[in-house]
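Colleague: I have just opened this model and would like to understand how it is put together. Could you walk me through it, starting with the ligand?

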Amino acid sequence: MNYTFDDIKNARNSLFTEKESKTPAQLLKSPAMGSLFELIKTLPNDQKAQFGKEVNELRREVASWEESEAELAVTPIDVSAPWDVNTHSDKRPRFLDQSLGSVHVLMSELGSITEIFERMGFVVEDSRQIDDDYHMFESLNFPLGHPARDDWDTFMTDEGLIAPAHTSTMQNRIMKKYKEQLESGEPIAAVIAGRAFRNEDLDTRHEHTFHQVEGVYVDEGVQVGHLVGTIKTFLTDYFGKQVDVKITPFYFPFTEPSFEFSLTCPFCAPESSNCPVCGGEHWIELMGMGMIHPNVLKEAGIDNEKYTGFAWGFGVERLVMMKNSIEDIRHFNSGKLEFLRQFGGN
Ligand code: FA5
């Protein structure tokens, strides 16, 4: 008996039409596949090896087919979660070999930043790149219709999901996650690094997509002095020296009192009035901060009579700019090798 390519092609076609309703595992046990293996036994010896090889190739192909929609439908995914939560390890995309590139200066600096906070006793958590109205607004004390919602020019999908405009979207999740730890006597101390997206007019210190590091600290008896001390300790470690800071009152619905925290501009001479980075102000705003609003604690299920806490959110690009004398935020995303190579890129 001779086999023809059509035997395998027909089996593949019939398996392919069943793909919508069956999983790869079911297809591998189906009669179409079984009959190919039966056929091997009946072939003359000189055809067995070649035929077996082709059947095996088909078997590998079928095994790699995506799960059918029917199967995916019974495994609901959280569209706002980081991708590795929803992606099974055998379905993760293969990345290029790391030796072909190098770590971007922003990511290596972010590593140093989070390491300092880890040494100070903070846990490091990831932010999300897509979120919802509850975490962007409601959980942060912006009820529906609150005028301060208009201050945040967010990008939104047709389904109403939001590209987070800041990492504060994580505050509620972090406090809920570590609530029991707090109640057993250990403070909540977390930093959350992530991307933020805003509809911005771009200039030397504004990007539409940038990174923030959020900090959340909750315990009994926490006050503003602890917040300022924590940030100054971090900055002294990061810059390797003490830096001048300016703290001015501000308004955020999710902190009370709230402040803006700035560093001296390293790009302009003291008497200059037309610095392209600070515009002659001599200060560059680095972060917003404040004492976590009692309503925000309450929304996370934390007893706001017993506990107080502080939070901050700083711009990673701005911090890295000021440490490394990078005078324009747009260099980071420019992809220019002469920029990246200054920081060890290849
Ligand atoms: C916030 O984003 C608040 N979530 C910060 C906060 C957290 C307040 C916790 C209280 C408690 P603000 O919009 O000021 O605040 O942004 C914080 C920092 O992000 C800025 O100081 C700046 O360093 C950086 N940043 C803001 N917008 C941009 C932008 N378009 N490009 C680059 N960096 C930016």
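**Around the ligand**

Modeller: Strand 8 gives the most to the shell around the ligand, with 6 residues; helices (H or I, at least four residues) and strands (E, at least two) are DSSP runs, numbered from the N terminus. Please keep in mind that this is a predicted model, in which local features need pLDDT of at least 70, side-chain atom pairs count only at pLDDT 80 or more, and totals for chains, interfaces and linings use all residues. Residues are numbered from 1 along each chain as its sequence is written.

Colleague: How many residues surround the ligand, and which are the closest?

Modeller: The ligand is surrounded by 26 residues, and the closest are His-166, Phe-210, Gly-288, Gly-313 and Gly-315, where a residue is near a molecule if its C-beta atom, placed from the backbone, lies within 6 Å of it. The elements that give two or more residues to this shell are strand 5 (209-219), strand 7 (255-264), strand 8 (283-292), strand 9 (308-315) and helix 13 (316-324).

Colleague: And how do the strands line up in the sheet?

Modeller: There is an open sheet of 7 strands in the order 1-4-5-9-8-7-6, with mixed pairing, and two strands pair if DSSP finds at least two bridges between them. Strand 1 (123-126) and strand 6 (245-252) stand at the edges with a single partner strand each, so one side of each has no neighbour in the sheet.

Colleague: Do strands 7 and 8 run parallel or antiparallel?

Modeller: Strand 7 and strand 8 run antiparallel and are joined by 8 bridges, and Thr-255 stands opposite Ile-292 in strand 8.

Colleague: Changing topic, which residues have the most contacts inside the largest nonpolar core?

Modeller: Those are Ile-188, Ala-190 and Val-218, in a core of 63 residues. A nonpolar core is a set of buried Ala, Val, Leu, Ile, Met, Phe, Trp, Tyr and Cys residues joined through C-beta atoms within 7 Å, and a residue is buried if 20 or more other C-beta atoms lie within 10 Å of its own, exposed if 12 or fewer, and partly exposed in between, with C-beta atoms placed from the backbone. Strand 4 (residues 188-197) gives the most to this core, with 7 residues.

Colleague: Last one: where is Thr-23, and why does it count as partly exposed?

Modeller: Thr-23 is in the loop between helix 1 (5-18) and helix 2 (24-28), and Thr-23 counts as partly exposed because it has 14 C-beta neighbours inside 10 Å.
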